[in-house]
Structure formats: structure tokens, C-alpha cells
Amino acid sequence: MAGTGTSPEAVPLYDLRLQPEDVRAVMEVLESGWLALGPRTDEFEAAFASHLGVGHAVAVSSCTAALHLAYLAAGVGPGDEVIVPSLTFAATAAAVIYCGATPIFADILGPHDFGLDPADVERRIAPRTRAVCAVHFAGYPAAVDRLRALCDARGLALIEDAAHAPSADLGGRKLGTWGRAGAFSFFSNKILSCGEGGLLATDDAHVAALARSLRSHGMTSGTSRRQTRETDSYDVVGLGFNYRLDEPRSALLLSRLARLEPEIERRRELTRAYRDKLAGLPHVLVPYDDAGVGRSSCYVMPIVVSDDGRRDAVRRRLRDEHGIQTSILYPAAHEFTAYRDRFGEQRLPHTERVARTEITIPLFAHLDEATQDRVVGALGEVLA
Ligand SMILES: *Cc1c(COP(=O)(O)O)cnc(C)c1O
């Protein structure tokens, strides 16, 4: 492109490509006329449970819904506290507030590892603490082994926000299966996406039964069973919600799940290539390490610039001069207006530092090496 006088093609942060078999799978559902509460959702749940090696998978309308149900199943209620990271999407904390409880923000380990710091979590445990929620940032495992031991010792439930981590593991055990429940997201920009969708994974039959009931109004039977005359009435046994996933989305997820592992392997290759290319660049720190890449689902590619004064200018120049889209994962949740108004000023030094210096650069499975070179070249230029 250089020298041709035309501006280079834009590089998106994320790009989704569906395959013809995905479209066919959705078309078949549409043609069947059965759009909700049907066999595709059952089939997807079974496939995802087996993919995780977990006893139960309950498909829901979003990861936010899965988090809400996970907290409720952990007994979180009015007056309780749940310890969560602040360097996360706001839903991790918002779902605590849906339960009438208070999110207590804990700090991350630092710019090399954006996972919750177990020591800081331990310091924040109080008499009303019910649960701890760990986020596996970009699919890199948070210290759920240590957090699980801590939660067990203190009688707390560990919940995992595994929105970024549909196929990552720690010591051979899949993320999202370390605690009482794990919450996954199938939102359109996530690794395994269907538009809007989520899932709660658990080995606890009671948690699974509660989530199944509450996702569908707390009703004792669903439409399909009534329609097939297995039962002709129902009771409502809890304050439920409409948190169901529909059939076209389940069909899309089922079709895409078959390619998830090779897609994540490709993301790992691209992440390793980025790490090599970025290694020589001054003023840039790349969090995590090469070994961590093999355990991660590599949802996004975070980098940290050395001083916070210039981060926003770097992002602007990448966009305006090079057509490269970037993002910030994440602005600190405790600094959002709604959280500051509700819970007051708080200090989380590592979180605040990363929130001011992090840049998420483009990563998707069909990214090519020439485009990666363009991104790294542009970064080198604007940081010089
Ligand atoms: C995307 C995301 C969520 C919310 O997922 P939805 O499916 O959009 O509700 C929660 N937590 C994290 C860390 C996320 O990235």
C-alpha cells in the first residue's frame, strides 16, 4: 500500500467470520419453525459441558445473566459482599448489585498479570463476605488454585467470570470449572459468539437445578414439555427471570464449537508472534509470559505503555494515521461515575495504573502476519 497514495485498509480490533455450515445450521432451525426451548439448546449444553469436563452446563441469554444466577446460587443476598476485580467489564460487579449485595473491589497482581491478587482478596474478607469472583483476563488463568483454597478455608463460594476463557485451563482443569460456578459469554465480540448469549457451568447439581429454574421464571416445566403433553400445568417456585437462550443461537454455537480448539490454537500462534515482534519495542510492556500463552484462550492482545500521559494520544494516532482500531480493557470499574457515586473513592494502585496505560491491539483468528507487522510498525512509530 505504501506509496500508492491510497490510505491503507483499516485494521479492526476484532473481526468475525462465519462459515457456510454455521449459516446452514441457523437456517435449518428457522425452517423448522421451533425457535426456543428446544433440542439445539439441550445439545449445545451437553457439548459444552463435555468440552469443559463439567457436570452441568446451563445456557442463558448472556454472561451477565449467568453471573447473576451464579451469585444467587452462592446465596448472595441483601447486605452481603462479593469480592471482585475492578479491572473487568462492569457486569462482573453489576450482577452483585442485582442481588442486593455490595461488590468489594480488590486489586490485580500488577502490569505483568491482570488477575486478582489473592493476598489483596484475603485482606478484604469481612463477616458479610459470601463469595469471590475471579476474572480470567484475556483467557489467562487467574490464580484460581490459590483463590479456591482461600475460599474453601473461609467458607466462601468461588465464582469464575470466564467470559474470555471458553477453552483455557490451569493445570489441565478448564477455567470456569474451579469454583461453585463459571460464567461464559457468547456476545458477538467474544471468542465463541452467537450475538447475545451466555452459559453457567457447574459441578453442583443444586446450583444447576436452581439456574435452570430461575432462567425460566422459576417455572417447574417448559413450553416444549407442555406442548408434548408430558405435563399440562406448571407451578412457579421461585422469583425467576427470562434468561433463556434461543434455538437459532444455540445452533450457531454448536456449529462454531466444533472449530473452537483450532481457532484458539491459531490465536496462540498469533499471540506468540506478537510477543516476538513487540519484544524489541521501547516503552512497551507485554503482560504474561510465553508459557501463559499455551494455557490461555488468547481472547485479546493487551499491551501496557510505559507512561500514562501518552496512552490516549498513542491510540488516537494509531487510528487517525494508521487506520488501526484499538480498545482499553478496561477502564477501572471503581472509577466509573455510578460506582464512585454509590461506593465512594477507593484506591487500587495496580488496577489504576493498568487502566491508564493499557492498549488492546487487534487480534482475531484470521489476522495475518503482514497485518501484525503493520500494527507493530505503527506502534513503534507512534511510540518513538
Ligand atoms: C463480555 C463480558 C461480560 C458480559 O458478557 P455478556 O454476555 O455481554 O453479558 C462479563 N464479564 C466480562 C469479563 C466480559 O468480558
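A: The model is a predicted one, in which local features need pLDDT of at least 70, side-chain atom pairs count only at pLDDT 80 or more, and totals for chains, interfaces and linings use all residues. Residues are numbered from 1 along each chain as its sequence is written, and side-chain values use heavy atoms, with hydrogens and water left out.

Polar contacts, that is, pairs of N or O atoms within 3.5 Å, can be described next. In the side chain of S185, an N or O atom is 2.7 Å from an oxygen atom of the ligand. For H164, a polar side-chain atom lies 2.8 Å from a ligand oxygen atom. The side chain of Y330 also has an N or O atom 3.1 Å from an oxygen atom of the ligand. Of the 390 Å² of accessible area that the ligand has on its own, the protein covers 93%; such areas come from the Shrake-Rupley method with a 1.4 Å probe.

A cis peptide bond, with omega about 0 degrees, joins L329 and Y330. Y330 itself is found in the loop between α12 (311-322) and α13 (337-343); helices (H or I, at least four residues) and strands (E, at least two) are DSSP runs, numbered from the N terminus. Most peptide bonds are trans, and most residues other than glycine have a negative phi.

Two histidines have a positive phi. H217, in the loop between α7 (205-214) and α8 (223-227), has a phi near 65 degrees. H283, in the loop between α10 (260-278) and β12 (284-285), has a phi of about 70 degrees. H217 is called partly exposed because its relative accessible area is 33%, and H283 likewise because its value is 38%; the term applies between buried (under 20%) and exposed (over 50%), with a 1.4 Å probe and protein chains only.

Methods: Polar contact = N/O pair within 3.5 Å; in protein donor to acceptor, adjacent residues only side chain to side chain.
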